[in-house]
Amino acid sequence: MSARTTATKQKLFDAALKLVGERGAASVTVDEIAAEAGVAKGTIYYNFASKDALVEALLRHGVEILAGRLRSAEGSEDSLEALVDEMLGFWAEYPAFGQLLVSELWRTPGQWHGTLSLLRDDIVSIVRGQMKRLSDAGRLPEGVEVGTASAALFGTLLVIALDWQVFQPERSRAEVRDSVMLLVRGMRSAR
């Protein structure tokens, strides 16, 4: 893919994400996305077969960015805290993506349910790896299943990040991260 095509797709992703975050995917038109991106409507159809294909590609793109950030946390000294921090940082940088993800995950079975299931599995598998390392080190409470802990942490962070962005934007990322870590560490010490 050429640098120009990559730049064009990024403009389309940015425009779509802004509009979808404001009004939801169903109520945004291709014309509006094109206008927001400052491109002709045909540019969208040249890069994507439809608005639905653009939204699906946007979901994949966002999850790829998030997955990369979570993988980068794996080698940290406190990789759980780094994972929490990276996820909160992602949601802070892309709050509209969090809104899109939550709204589409709750739509059952939504238009992008198959894609979202695969993407959710990608993210949760990264979190699961961290939870497995904690379990192997005896740092998860007895009886807590790794898969459940992984989904719970992902869901908790997604909801906390949305709550932070919508209702408590004055809080810093560090404050939110530290609060989450107090909760997580409190669960570990409850053993």
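A residue is called buried when its relative accessible area is under 20%, exposed when it is over 50%, and partly exposed in between (1.4 Å probe, protein chains only). Helices (H or I, at least four residues) and strands (E, at least two) are DSSP runs, numbered from the N terminus.

This is a predicted model, in which local features need pLDDT of at least 70 and side-chain atom pairs count only at pLDDT 80 or more, while totals for chains, interfaces and linings use all residues. Residues are numbered from 1 along each chain as its sequence is written, and side-chain values use heavy atoms, with hydrogens and water left out.

**Helix α6**

Helix α6 spans residues 95–106 and has 12 residues. From its first C-alpha to its last it reaches 17 Å, close to the 16 Å expected at 1.5 Å a residue; the expected span is 1.5 Å times one less than the number of residues. The buried residues of α6 are Ala96, Phe97, Gly98, Leu100, Leu101, Val102 and Glu104. Their cover includes α1 (3–23), α4 (51–72), α5, α7 (113–136) and α8 (146–167).

Contact here means heavy atoms within 4.5 Å. A polar contact is a pair of N or O atoms within 3.5 Å; within protein, one must be able to donate a hydrogen and the other to accept it, and residues adjacent in sequence count only if both atoms are side-chain atoms.

Helix α5 covers residues 79–93 and holds aspartate 85. Aspartate 85 is buried, at a relative accessible area of 17%. Leaving out residues up to four places away in sequence, aspartate 85 touches Arg173 and Arg177.

Serine 79 also belongs to α5 and is buried, with a relative accessible area of 11%. Beyond its neighbours within four places in sequence, serine 79 is in contact with Ala73, Glu74 and Gln130.

Glutamine 130 lies in α7 and counts as buried at 4% relative accessibility. Its contacts, not counting residues up to four places away in sequence, are Ser79, Leu80 and Leu83.

| Side-chain pair | Polar contact |
|---|---|
| Aspartate 85 and arginine 173 | 2.9 Å |
| Serine 79 and glutamine 130 | 2.6 Å |

**Annotated regions**

UniProt positions are given in the numbering used here, with feature names shortened, and annotations may be inferred rather than shown by experiment. An unreviewed UniProt entry places "domain: HTH tetR-type" at residues 6–66. Over residues 6–66 the chain is 80% helix and 0% strand, with its end C-alpha atoms 18 Å apart. The UniProt annotation "DNA-binding region" (unreviewed entry) covers residues 29–48. That stretch, residues 29–48, is 75% helix and 0% strand, and its end C-alpha atoms lie 14 Å apart.
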